[in-house]
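The sequence and the structure are shown first.

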Amino acid sequence: MKADEKKYIYTDEIEYADLSHSSVWGTEDLATTNLLNHMETGGKWLNLCAGDGRFNHVLLEKADEVVAVDIDEGALQKLVRVTPDHLKNKLITKTMNVVEPFPFEDGEFVGVFSVGTMHLFPRQVFQIIFLEMRRVLKSGGRIIMDFAADIKRTYPDGSLWIVENEPNYTQEEALSFLKEVFKDERTNFTVAFVPPEKVTLGDKEYLFTSNFILVDAVKK
Ligand SMILES: C[S@@+](CC[C@H](N)C(=O)[O-])C[C@H]1O[C@@H](n2cnc3c(N)ncnc32)[C@H](O)[C@@H]1O
């Protein structure tokens with residue numbers, strides 16, 4: 001699907017149907033995996049900008065139901081394809097633009113999960129998304145999300161791919177921004193690092209590194 005910055009649609013023209021099982025978005029990092037594995041849950045979770053399904057199987061193991069949403073229908077079709085059969089009956093997928101009002105009721109979810117995406121949006125847009133995440137969450141519900149900072153994409157010849165208009169926060173900027181946004185919640189921030197990982201997106205191949213802030217917040 002084509003990107004459209006005016007609508008804050010940050011997709012890449014990826015033909016998910018042609019791709020094998022592993023995610024184009026890299027390996028599931030340890031900090032997030034550990035957090036999910038140790039979480040006691042159940043109930044209905046929302047996986048926001050779910051892509052082709054990183055971590056979605058872990059959420060499905062833990063939750064009673066997972067609604068995985070993304071703007072890219074092709075990504076969601078792959079997510080369904082890679083979901084183990086015994087978990088498919090707990091999975092619902094839906095296409096939506098995350099910057100528009102969410103098509104869900106107030107307090108519908110016990111948890112909202114989102115990784116690899118929220119750092120892409122301008123500050124004011126992320127704040128709107130955050131209010132929607134909070135609205136659809138029950139009180140006492142949990143937001144688990146990450147937020148990348150200090151992103152570097154290096155081509156094989158050593159040059160950098162600079163993504164135009166990407167906010168690309170430093171770790172300090174990201175942390176202080178998130179502390180302000182989540183000021184009314186009970187929140188834990190963990191700083192972690194993505195080791196260099198080879199990414200192939202269509203004809204682009206590069207090494208990706210970043211720091212990221214893992215946010216674990218409980219709605220008061
Ligand atoms: C970098 S990928 C991350 C996917 C997945 N969460 C992961 O970490 O593997 C970003 C995802 O956000 C989706 N996306 C981008 N802009 C969006 C928007 N405005 N509304 C909904 N989804 C969007 C893309 O289609 C893509 O699947």
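## Parallel pairing around E4

In this predicted model, strand E1 (residues 44-48) pairs with E4 in the parallel sense, over 3 bridges. Leucine 46 stands opposite valine 112 in E4. E4 also pairs with E5 in the parallel sense, here over 5 bridges, and in this pairing glycine 111 is set opposite arginine 142 in E5.

E4 is mostly covered, with 6 of its 6 residues buried. Each of these residues thus has 20 or more other C-beta atoms within 10 Å of its own.

Strand E5 (residues 137-154) runs antiparallel to strand E7 (residues 204-218), and 11 bridges join the two. Within E7, threonine 209 is the residue opposite lysine 152. E5 therefore pairs in the parallel sense with E4 and in the antiparallel sense with E7.

Strand E6 (residues 186-201) is likewise joined to E7, by 14 bridges, and these two strands run antiparallel. E6 and E7 form a hairpin with 2 residues between them. In the turn, glycine 202 has a positive phi of about 60 degrees.

## Helix H4 and its buried face

Helix H4 (residues 123-135) contains 13 residues. From its first C-alpha to its last it reaches 19 Å, close to the 18 Å expected at 1.5 Å a residue. The buried residues of H4 are Phe126, Ile129, Phe130 and Met133. Seen down the helix axis, the buried residues of H4 fall within an arc of 105 degrees, so they line one face of the helix. An α-helix has 3.6 residues a turn, so residues three or four places apart point the same way.

The buried residues of H4 pack against strand E4 (109-114), E5 and helix H5 (171-181). The face of H4 turned away from the buried side carries the exposed residues Gln124 and Leu131.

Proline 122 lies in the loop between E4 and H4. It counts as partly exposed because it has 13 C-beta neighbours inside 10 Å. The C-alpha atoms of proline 122 and glutamate 166 are separated by 8.0 Å, although these residues are 44 residues apart along the chain.

## Surroundings of the ligand

The ligand is surrounded by 20 residues, and the closest are Trp25, Cys49, Gly51, Arg54 and Gly116. By class, the shell around the ligand comprises 11 nonpolar, 6 polar and 3 charged residues.

Most residues other than glycine have a negative phi. Tyrosine 8 has a positive phi, near 55 degrees, and is a residue other than glycine. Its place is in the segment before helix H1 (30-37). Tyrosine 8 counts as partly exposed because it has 19 C-beta neighbours inside 10 Å.

Asparagine 168 also has a positive phi, of about 40 degrees, although it is not a glycine. This residue is found in the loop between E5 and H5. With 17 other C-beta atoms within 10 Å, asparagine 168 is partly exposed.

Conventions
Residues numbered from 1 in each chain as written. Predicted model: local features only at pLDDT ≥ 70, side-chain atom pairs only at ≥ 80, totals over all residues. Helix = DSSP H or I, 4+ residues; strand = E, 2+ residues; numbered from the N terminus. Expected span 1.5 Å × (residues − 1). Buried ≥ 20, exposed ≤ 12 C-beta atoms within 10 Å, placed from the backbone. Arc of directions from axis to C-beta. Contact = placed C-beta atoms within 7 Å. Near = placed C-beta within 6 Å. Nonpolar A, V, L, I, M, F, W, Y, C, P; charged D, E, K, R; others polar.
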